[in-house]
Amino acid sequence: MPTTVIHGIRSLVTNDPALGHGPLGLVEDAAVVLDGEEVAWVGPSAGAPAADEAYDAEGRAALPGFVDSHSHLLFAGDRTQEFNARMEGRPYEAGGIRTTVAATRAASDEALEANLGRYLAEALRQGTTTFETKSGYGLTTEDEARALRIAARHTDEVTFLGAHIVSPDYAEDPSAYVDLVTGEMLDACAPHARWIDVFCEKGAFDGDQARAILTAGKAKGLHPRVHANQLSYGPGVQLAVELDAASADHCTHLTDADVDALAHSDTVATLLPGAEFSTRAKWPDARRLLDAGATVALSTDCNPGSSFTSSVPFCVALAVRDMGMTPDEAVWAATAGGAAALRRTDVGRVAPGARADLALLDAPSHVHLAYRPGVPLVSAVWRRGARVV
């Protein structure tokens with residue numbers, strides 16, 4: 001692959017304070033040299049070394065490709081009627097997942113993979129270059145394993161979420177379903193996943209069930225993530241910290257003890273404002289978490305029920321408008337924060353040795369992601385050193 005210099009960048013977010021100003025490591029009038037799949041050089045345009053190819057950013061801003069660390073893209077069907085009902089006043093409940101389970105079970109492998117590819121392409125056009133995705137809409141051993149096999153063809157960040165809800169097949173015997181998830185289903189799914197997740201919530205799995213599932217996953221080499229404290233106060237965040245989960249996701253209803261636990265742990269608080277937007281629920285208090293010293297990530301939670309958006313820029317705008325974040329904090333959370341939630345150091349930053357993932361904005365500053373909500377500002381994307389948009 002030829003080397004490429006991208007020059008004429010008005011403002012570059014590196015997320016490396018050693019390279020530029022402030023926590024975002026901002027470099028003005030910048031250039032980036034890509035060599036193969038890695039960043040080789042970052043600095044002022046005037047000092048850029050020669051490269052085989054050159055691309056003039058013409059005064060646009062650039063930032064690391066977004067890291068979407070929480071999505072549910074292995075599904076079939078949609079839940080338009082459910083969304084419509086919520087907009088008419090019906091509250092969101094976790095049980096709506098069953099509708100998607102039925103459609104997903106009925107879909108062919110080819111249909112599921114085509115659907116996944118469509119949403120990945122949609123996300124890529126909006127600057128997402130790294131993504132995590134989960135199973136959780138099959139809830140049988142066969143359907144969960146096939147979802148993970150399909151996902152693993154498209155990303156390394158694959159999560160086993162057999163514990164999304166209790167399978168409708170086990171509605172009268174939840175403990176037997178936990179046995180299935182921690183036994184036969186886990187055995188079939190672990191070879192295809194890096195992570196294990198559980199929806200720890202009223203209407204899904206309680207703290208003891210969630211602990212059993214996550215502990216079994218750890219014994220199989222999967223690292224925990226937790227859907228925590230989305231719909232109500234509960235044990236999810238504390239459990240995530242106890243088990244050294246990479247992230248506690250949602251974090252909408254937090255006690256002071258929950259915030260303190262996150263602030264004194266390596267567990268990232270991943271906030272998913274698309275869910276609050278789509279369910280008219282209480283917004284997570286990002287300001288409270290940040291002021292306490294917790295690491296915060298932003299992600300889409302793209303799924304057909306509660307957050308049907310693949311747009312990280314949209315989530316950035318929501319976080320700034322309604323969750324108390326500054327534009328700088330929101331952009332960091334959607335890039336470096338997402339990388340932290342996946343325990344990755346090679347993505348979420350633009351620095352020598354990092355993966356060559358870069359998004360160029362049709363704007364002079366990253367602040368425009370919040371300043372111009374809903375406008376398709378991403379004009380070019382490089383992923384692993386190749387221009388893909």
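The briefing below takes helix packing, then pockets, then cavities.

This is a predicted model. Helix H3 covers residues 109–125 and helix H4 covers residues 141–152, while helix H5 runs over residues 174–189 and helix H6 over residues 207–219. The largest pocket has a volume of about 240 Å³, and the count of cavities of 30 Å³ or more comes to two.

**Helix H3 with helix H4**

- The axes of H3 and H4 come within 10 Å and cross at roughly 45°.
- The crossing of H3 over H4 is right-handed.
- On the H3 side the contact is made by Asp109, Leu112, Glu113 and Leu116, and on the H4 side by Arg146, Ile150 and Ala151.
- Sorted by class, these contact residues are four nonpolar and three charged, with no polar ones.

**Helix H4 with helix H5**

- H4 also packs against H5, at an angle of about 40° and with the two axes 9 Å apart.
- H4 and H5 are therefore oblique to each other.
- H4 passes H5 in a crossing that is right-handed.
- H4 contributes Thr141, Glu144, Ala145 and Leu148 to the contact, and H5 contributes Leu180, Glu184, Met185, Ala188 and Cys189.
- Six nonpolar, one polar and two charged residues make up the contact of H4 with H5.

**Helix H5 with helix H6**

- The axes of H5 and H6 come within 10 Å and cross at roughly 10°.
- Angles under 35 degrees count as roughly parallel, so H5 is roughly parallel to H6.
- From H5, the residues that meet H6 are Pro174, Val178, Val181, Thr182 and Leu186.
- Their partners in H6 are Gln209, Ala212, Ile213, Ala216 and Gly217.
- The contact of H5 with H6 has seven nonpolar and three polar residues, and no charged ones.

**The largest pocket**

- Which residues lie nearest the centre of the largest pocket? They are Leu120, Thr128, Phe131, His154 and Arg383, out of 16 lining residues.
- H3 and strand E7 (128–134) each supply at least two residues of this lining.
- The lining of the largest pocket divides into seven nonpolar, seven polar and two charged residues.

**The second largest pocket**

- The second largest pocket holds about 190 Å³ of space.
- Its lining includes Arg125, Gln126, Ser311, Pro313, Phe314 and Leu369.
- Also in the lining of the second largest pocket are Arg372, Gly374, Val375, Pro376, Leu377 and Val378.
- By class, the residues around the second largest pocket are seven nonpolar, three polar and two charged.

**Cavities**

- Rolling a probe the size of a water molecule over the atoms shows where empty space is left.
- How many cavities of 30 Å³ or more are there? The count comes to two.
- The second largest cavity has about 30 Å³ of space.
- Among the residues that line the second largest cavity are Pro64, Gly65, Val67, Thr129 and Thr130.
- Asp346, Val347, Gly348, Arg349, Arg355 and Asp357 also line the second largest cavity.
- The lining of the second largest cavity has three nonpolar, four polar and four charged residues.

Terms used
Residues numbered from 1 in each chain as written. Predicted model: local features only at pLDDT ≥ 70, side-chain atom pairs only at ≥ 80, totals over all residues. Heavy atoms only, no water. Axes fitted to C-alpha atoms, helices over the stretch in contact; angles between N-to-C directions. Helix = DSSP H or I, 4+ residues; strand = E, 2+ residues; numbered from the N terminus. Left-handed = near helix turned anticlockwise from the far one by under 90°. Contact = heavy atoms within 4.5 Å. Nonpolar A, V, L, I, M, F, W, Y, C, P; charged D, E, K, R; others polar. Parallel < 35°, antiparallel > 145°, perpendicular 65-115°, else oblique. 1 Å grid on protein atoms, 1.4 Å probe; cavity = no way out; pocket = protein on both sides within 12 Å on 5 of 7 lines; lining within 4 Å. Points joined across faces, edges and corners; volume = space filled by probe spheres on them.
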